[in-house]
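Colleague: Can you walk me through this model? I'll ask as I go.
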Amino acid sequence: MAKDTAESSESSLSPPPEDLIIPAESEVIAKSTAHGRKRKAEATVTTTVTTTKRTKKVPAADANDEKIGTAETPRKKRTTAKNVKHDEDGDDAEGEESTVVKKAVKQKVIRTKNSKEPVQPLEERSADTKLRIGAHVSVAGGVHNAIPNLLHIGANAFAMFMKNQRKWDNPPMDPEHATLFINGCKDHNIEVGDCCLPHSSYLVNLAHPDAERKKQAYDCFQNDLVRCNKLGIRLYNFHPGNANATTREEGIKLIAENLNRAHADPETGSVITVLETMASLGNTIGGTFEDIAAIISHVEKKERVGVCLDTCHVFAAGYDLRTPETYAEVMKQFDDIIGLEYLMALHVNDSKAPLASYRDLHARIGTGYLGLRAFHNLVNDERLHGMPMVLETPVDSVDANGKKFEDKSIWAREIKMLERLVGMDVESDEFKKLEQTLREQGEGERERIGGQVERKKVKDAKPKVVRKKKAKDEENEELDGGKEEKPKRAAPKRKAAAKKVKNEEESADDDE
Ligand SMILES: [Zn+2]
Ligand SMILES: [Zn+2]
């Protein structure tokens with residue numbers, strides 16, 4: 001059934017069927033294709049390109065397994081990492097292959113792990129699109145593996161982690177992996193300076209005042225920037241930080257101080273440090289446009305700083321993107337407060353939680369409280385064309401045997417759908433049908449999370465649960481990157497309360 005799923009991208013936007021045993025892509029080996037070279041030629045619909053290519057054997061996965069779209073408990077995390085490793089490190093597909101690509105027919109040869117039988121790719125990269133859209137891809141096995149992973153879902157932009165995002169280690173980048181990455185980008189016409197937006201480690205908090213913590217965070221951050229510079233990556237996205245251990249004003253200054261130091265380091269080249277807009281309240285920095293503007297105001301080299309607007313985060317933080325009017329108003333606010341010249345990238349996620357709920361819960365496009373119309377507003381805004389747009393939507397699925405897997409065909413379909421939204425008439429049957437279908441798919445999750453948010457509002461209105469609310473706030477902050485803070489800050493009772501709240505809502509999985 002995997003084949004059917006992969007092929008159904010134009011017509012079916014529904015979640016994978018329950019009898020889906022294993023998705024094509026989880027068996028597919030990182031395999032080069034004739035993609036990039038044909039991007040320009042693809043403008044004519046029936047262009048046929050034949051390429052022969054030798055692909056290097058992919059080394060065994062290292063500690064770079066990673067995942068995005070849902071935050072998980074460490075235990076769940078490890079399970080996922082194991083699965084990813086299992087899925088991605090068993091490359092036996094060595095040797096030559098001929099790939100005949102015809103846009104209309106879409107035939108691309110990718111070999112499965114245990115078989116020389118070709119399988120269908122998920123999607124081709126679009127050449128005739130105004131958007132640069134993609135997803136956060138895995139670099140399990142090395143940074144070069146981002147390339148086959150992005151080609152596989154038809155992405156024209158991508159995010160990745162530069163190293164293990166849950167560890168403080170800063171090992172040197174494997175030079176062979178770096179060479180493979182750089183050559184792979186050339187081979188596939190991937191303009192890495194324009195379409196790649198790596199994501200920082202979740203551990204780094206550049207707003208930490210403690211000398212030791214500050215050094216640890218800076219070193220990890222700087223190491224990522226050096227890696228970007230070596231790979232020709234121009235943009236680097238990071239969470240600004242949190243003021244758990246200091247005041248907001250001081251935290252903002254500390255972030256800028258770290259940025260100035262990094263910008264002055266020749267090893268970081270001219271990599272642009274891109275601040276991500278955040279969802280949360282509390283001590284998280286970056287939940288308002290004012291926070292972002294304040295950081296930028298303290299940055300000396302303005303050409304080295306940018307902003308990534310996360311649609312889910314800003315919506316959760318109270319910025320409404322749903323109608324053309326509210327969308328225009330938010331963009332005007334962005335321009336007035338920060339300056340649109342700083343907007344360099346987008347994280348494209350729907351939201352399972354309502355407007356101004358301060359919950360970071362990514363939903364698949366069109367299934368959340370933002371809805372398809374918000375994304376129609378976004379992709380039809382010409383000011384955003386050419387910027388990397390990265391999907392961090394949940395792709396977790398469960399197969400017939402109850403085994404979890406990441407169904408990356410969801411991203412492949414979302415990419416194509418968003419590309420199709422450009423110029424689509426919102427009054428057309430096509431749009432209305434699509435909007436309705438997706439809205440229905442997300443109904444259950446919207447009700448569930450919406451109910452949680454409402455109940456929390458009611459609880460918070462009562463004085464007796466103030467302690468619990470505080471604990472929950474800390475929990476939220478923790479999820480936003482301040483993990484190391486919590487054991488020190490939370491008194492045992494509050495910790496227990498936080499845990500209880502967390503357990504109640506664990507299935508909600510706040511994202512990052
Ligand atoms: Zn998020
Ligand atoms: Zn993020």
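Colleague: Start with V390. What is V390 in contact with, leaving aside neighbours within four places in sequence?
Modeller: V390 touches G134, A135, H136, A157, F158, A159, L197, H347 and V348. Contact here means C-beta atoms, placed from the backbone, within 7 Å.
Colleague: Which residues have the most contacts inside the largest nonpolar core?
Modeller: V390 is one of them, with F158, L197, Y236, I255, V274 and L418. That core has 107 residues. A nonpolar core is a set of buried Ala, Val, Leu, Ile, Met, Phe, Trp, Tyr and Cys residues joined through C-beta atoms within 7 Å. A residue is buried if 20 or more other C-beta atoms lie within 10 Å of its own, exposed if 12 or fewer, and partly exposed in between.
Colleague: And how is this thing predicted and numbered?
Modeller: This is a predicted model: local features need pLDDT of at least 70, side-chain atom pairs count only at pLDDT 80 or more, and totals for chains, interfaces and linings use all residues. Residues are numbered from 1 along each chain as its sequence is written, with chains lettered from A and ligands numbered from 1 in the order in which they are written.
Colleague: Back to Y236. Which strand holds it, and what is on each face?
Modeller: Strand β7, residues 235–238. L235 and N237 lie on one side, Y236 and F238 on the other, and all four are buried. Strands (E, at least two residues) and helices (H or I, at least four) are DSSP runs, numbered from the N terminus.
Colleague: What does β7 join, and by how many bridges?
Modeller: β9, residues 272–276, through 4 bridges, running parallel. Y236 stands opposite T273, and F238 has L275 as its bridge partner.
Colleague: What is the strand order in the sheet?
Modeller: β6-β5-β15-β12-β11-β9-β7, an open sheet of 7 strands with parallel pairing. Pairing takes at least two DSSP bridges between two strands. β6 (157–159) and β7 are the edge strands, each pairing on one side only.
Colleague: New topic. How many helices and strands are in the chain?
Modeller: 18 helices and 17 strands. Of the 512 residues, 50% are buried.
Colleague: What is the mean pLDDT?
Modeller: 78, with 67% of residues at 70 or more. pLDDT is the predictor's confidence in each residue, from 0 to 100. Residues 474–492 stay under 50. Residues 495–509 are also below 50.

Note on methods
Contact = placed C-beta atoms within 7 Å.
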